[in-house]
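Good morning, and thank you for joining.

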Amino acid sequence: MATSKTLGESLREHGVSRRGFLKFCAATATMMALPPTMAPAIAAALEKARRPSVIWLSFQECTGCIESLTRSHSPTVENLILDVVSLDYQHTLQVASGELAEEARLQAMRENHGSYLVIVDGSLPGPGSNMGYSTVAGHSNLDILLETVEGAAAVIAVGTCAAFGGLPRAHPNPTGAVAVQDIITNKPVINVSGCPPIPTVISGVLAQFLTFGKLPELDAYGRPLAFFGQSIHDRCYRRPFYDKGLFAETFDDEGAKAGWCLYRLGCKGPSTYNACATMRWNAGTSWPVESGHPCLGCSEPDFWDAGSFYQALSVPTVDSTQTLGLAAAAGVVIGGAAAALAKHGKTKAVADREPVTVEQLEQKL
Amino acid sequence: MSALDSIAIAVEVPRLAQEWGNALPILHEIRHGLERLAATGEPTLIDLRAIPFGPGDEARLLERLGRGEVEARIHALGETLIRETAIPAVWLVDFLNAEGERIALHLQIDRIPGLLMTQPEDLAEAPARLDRLLKELAGGGEAA
């Protein structure tokens, strides 16, 4: 349960010295995408912050989000952030099971009414759907969400499923899946999208809430601007090749070997907002584009229904030669245009998409 | 060491790597930081993890900055490796976790990185700690 101890006290109890605490704050600044000069301010704020109670609800999900967070590179600052919050309910991680587990959730809600945080991963069958598609302890996801959020300070929707419906909501959406923000309208909802989200972004949002005690600035999709404020395309180290009109046409051609832009191989970077290009994955080792694969756009709504991952969405709608010529001449402007084209193509792909039956799939195979 | 380090990976340096050139602007930023430090005493911190480096950019930058006279190692929450580069007052601060994996990498332009200095709270507690030691010695007991 949440205690009256401050985060500073809690960290020192974990054997963290003051230099260690400063280091923690420097890494936290990095994690929050803040200037490193903010570390002393973070130290002052975290020293006094109280440990919040966190209830983590998992609905229609694959556990990839919690895997991303907990199996990243342990022990890390992310884990320390998890240590300094009081994670009172997370049915994959907690020791208690059955009624004891549910009682832990109810107890945390009673004792921290009005101040606890709710984290949700996974979408949930919306009102009017068959609630039997996803239940926990015999209760529907919808009932559990409404009951748990009632006394919460804020809700963090982790992963594209919780934020936008994700894979369960992909056409034809058999379970009637909806996102958290479709249900919760009377509490602040922060969307941390991605399939899965970058672990440091998940913990960065938590750290930001702990440090400043308020919600971060959000974009139109409810995502923290600190992490989702710039497109993959704008932060991509391959961007200069796009501006010069140098593209890989296949995965093994000379352009691919030379590290040219992956736009024509279906990269969704121009219409995708996320922090992969700077925060990277696997302890900062690399990220999809650096590994030679186009961005799938996994942090955007309906990315499953946006057509092929390997089709450049603007290609069917305009003369690509013309687009590329223009790109060479005015890359920055075209970058925006590419995003608009991609968005248009995505909307069209969603609209044109027809349900595929098992029989049809077998015929194709 | 990190488990990732045990995976044999051959990193191919792209032929056009020099065109990515995201290391060059950092050298200019360092130049401005040095001027600011000399003129006003104001330090500069550059978070290298916030820079969209291409493959090899970071390594090229660090190689160009070289090694200076001072190296230090802090044991707190995993190791922190601090070394002055060949450019005086430009320090590389490499934050590692307990498993030796990097959690942050900063360039600091300062006379000495703040993390190396004794923290004010520790200084305030130091006399009392020494008093306890002296008391133990006066009592004939073994110092802890």
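What you see is a predicted model, in which local features need pLDDT of at least 70 and side-chain atom pairs count only at pLDDT 80 or more, while totals for chains, interfaces and linings use all residues. Residues are numbered from 1 along each chain as its sequence is written, and chains are lettered from A and ligands numbered from 1 in the order in which they are written.

Let us take chain A. Chain A is divided into domain 1, residues 7-227, and domain 2, residues 232-352; such bounds come from an automatic or database domain assignment. Between them, 15 residues of domain 1 of chain A are in contact with 13 residues of domain 2 of chain A, contact meaning that C-beta atoms, placed from the backbone, lie within 7 Å. On the domain 1 side, α8 (159-164) and α10 (199-212) of chain A each supply at least two residues. Helices here are DSSP runs of H or I with at least four residues, strands are runs of E with at least two, and both are numbered from the N terminus. That side of domain 1 has nine nonpolar, six polar and no charged residues. In this scheme Ala, Val, Leu, Ile, Met, Phe, Trp, Tyr, Cys and Pro are nonpolar, Asp, Glu, Lys and Arg are charged, and the others, Gly among them, are polar.

How do the helices α2 and α3 of chain A pack? Helix α2(A), residues 18-31, and helix α3(A), residues 39-48, meet at an angle of about 115°, with their axes 8 Å apart. Axes are lines fitted to C-alpha atoms, for helices over the stretch in contact, and angles run from 0 to 180 degrees between N-to-C directions. The two helices are therefore roughly perpendicular, a term for angles of 65 to 115 degrees, with under 35 roughly parallel, over 145 roughly antiparallel and the rest oblique. Residues of α2(A) in this contact include Phe21(A), Leu22(A) and Cys25(A), and those of α3(A) include Ile42(A) and Leu46(A). The contact residues divide into nine nonpolar, one polar and no charged.

Helix α3(A) also packs against α10(A), at about 75° and with axes 8 Å apart, which makes this pair roughly perpendicular. Ile42(A), Ala45(A) and Leu46(A) of α3(A) meet Leu210(A), Thr211(A) and Phe212(A) of α10(A).

I turn now to chain B. Four helices and five strands make up its secondary structure, in the order α-α-β-α-β-β-β-β-α from the N terminus. Of its 144 residues, 28% count as buried, meaning that 20 or more other C-beta atoms lie within 10 Å of the residue's own, against 12 or fewer for exposed and partly exposed in between. Chain B is divided into domain 1 (18-112) and domain 2 (118-144), whose C-alpha centres lie 36 Å apart.

Finally, how many residues does each chain give to the contact between them? Chain B gives 34 residues and chain A gives 31. Elements giving two or more residues on the chain B side are α1 (17-20), β1 (44-47), β5 (102-109) and α4 (120-138), and β5(B) gives the most, with four residues. The chain B side comprises 18 nonpolar, seven polar and nine charged residues.

Key. Two residues are in contact if their C-beta atoms, placed from the backbone, lie within 7 Å.
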